[in-house]
Amino acid sequence: MSDLNYLYGAPLSKADFKTTAEDFMVDEDLGIEFTGSGEHVCLQVVKKGENTQYVAKLIAQRAGVSPRDVSYAGMKDRHGVCSQWFSVKVPIKKPIDFSDLNSESIFIVSQQRHDRKLRTGCHKGNKFTITLRNVTKPLDILCRINAVRAGVPNYFGEQRFGHGGHNLVMAEKMFAGERIRDKKLRGIIISAARSHVFNQLVSLRVKEHGLAKTMHREVFMLSGSNAFFEDAINDENIERLATGDIMMSAPMVGKSEKGLTEQEKVWLEPFQTWCDGLGELGLKNERRMLRLIPQNLTVETLDETTLKLSFGLPKGCFATALLRELVDYTDASPRERKEKDNGINEDTVK
């Protein structure tokens, strides 16, 4: 994300991010009321130092099913303390106590019956508590808080692109004709490619216009929906923007230029190879909100070089998109430290 334009200018302060697992805490806001009955067991799990797929595998083993039969609303970072929900189909007459999975890195907070499984993206959002250590200029971060409360570019975070941008390298190979047989890996690579194009377009808009200024015509998204429409700027749309009924958006490119404004077509010209490659896959044209507005953003000074941030984000949005507008952070998680110390640049898919 270092090549993307800042909305408020590059931050002056540096800090360490994820020094310990407790420095990055995530609480998934599912926003679902369980029926209390049904063939699906929903589990609220707190995990520390484990990835989502590993926890799903353990749940599958305990239930005696395939890992494919375990679902979850969203992926959560390995290097943190994260609370999230899983679901697994278990016959009503086969009660299972999943607390047997409790360990130093996994704790089952709750298990409840429900009449359907959890699906990807079914949650409302996530609440974050992030501790920044070795902060060089705390005052610069504190001065930026009010600006950031008004919103930041809704960039996809670096974890979308794999370690060292490996997923984007794979995308270029795929567009050049290399076949990827693993369907899951292929889906990850396609998602990374679309996200990359989105980020580049948003970055160009930030550079030329910022996010507060509207264009002559915009493609608006209805709040709380994936529906979108193109319209000229008028008094009605300005009022709807002010009330939050609609939002400005940017494209997740698909099989045609339908739904793109003329200005967006110009901005996308340098990435035509990527757009063509994605279009050949037959992807449906979609949109994503342009501005990310944090919910209840607060900052607490723990000592002269340590700050704690708390905020909520809608589903599908990245804490690092907000963080980068506040501070030039260094990922100090165990994996990053090990690779730096050993001089290893190990490509992984996340």
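In the predicted model, the second largest pocket is lined by 17 residues. Those nearest its centre are Asn126, Lys127, Gln295, Gly312 and Leu313. Two or more lining residues come from each of strand S2 (24-29), strand S7 (125-133), strand S14 (295-303) and strand S15 (306-314). The volume of this second largest pocket is about 220 Å³. By residue class, its lining comprises six nonpolar, seven polar and four charged residues.

The domain assignment of the protein chain places residues 32-122 in domain 1 and residues 152-292 in domain 2. A distance of 32 Å separates the C-alpha centres of domain 1 and domain 2.

Strand S6 (residues 106-114) contains His114. The relative accessible area of His114 is 6%, and because this value is under 20%, the residue is classed as buried. Leaving aside residues up to four places away in sequence, His114 touches Ile32, Glu33, Phe34, Thr35, Ser37, Gly38, Glu39, His40 and Cys42. Ala227 lies 113 residues from His114 along the chain, and the C-alpha atoms of the two are separated by 29 Å.

Helix H3 spans residues 166-175, and its buried residues are His166, Asn167, Leu168, Met170, Ala171 and Met174. An α-helix has 3.6 residues a turn, so residues three or four places apart point the same way. The cover over the buried residues of H3 includes helix H4 (183-209) and helix H7 (272-279). Just after H3, a positive phi of about 115 degrees is found at Gly177.

Technical notes
Residues are numbered from 1 along each chain as its sequence is written. This is a predicted model: local features need pLDDT of at least 70, side-chain atom pairs count only at pLDDT 80 or more; totals for chains, interfaces and linings use all residues. Side-chain values use heavy atoms; hydrogens and water are left out. Helices (H or I, at least four residues) and strands (E, at least two) are DSSP runs, numbered from the N terminus. Buried means under 20% relative accessible area, exposed over 50%, partly exposed in between (1.4 Å probe, protein chains only). Contact means heavy atoms within 4.5 Å. Domain bounds come from an automatic or database domain assignment. On a 1 Å grid over the protein atoms alone, a cavity is a set of points where a 1.4 Å probe fits but cannot get out, and a pocket is an open set with protein on both sides within 12 Å along at least five of seven lines; lining residues have an atom within 4 Å of a point. Grid points are joined across faces, edges and corners, and a volume is the space filled by probe spheres set on the points. Ala, Val, Leu, Ile, Met, Phe, Trp, Tyr, Cys and Pro count as nonpolar, Asp, Glu, Lys and Arg as charged, and the others, Gly among them, as polar.
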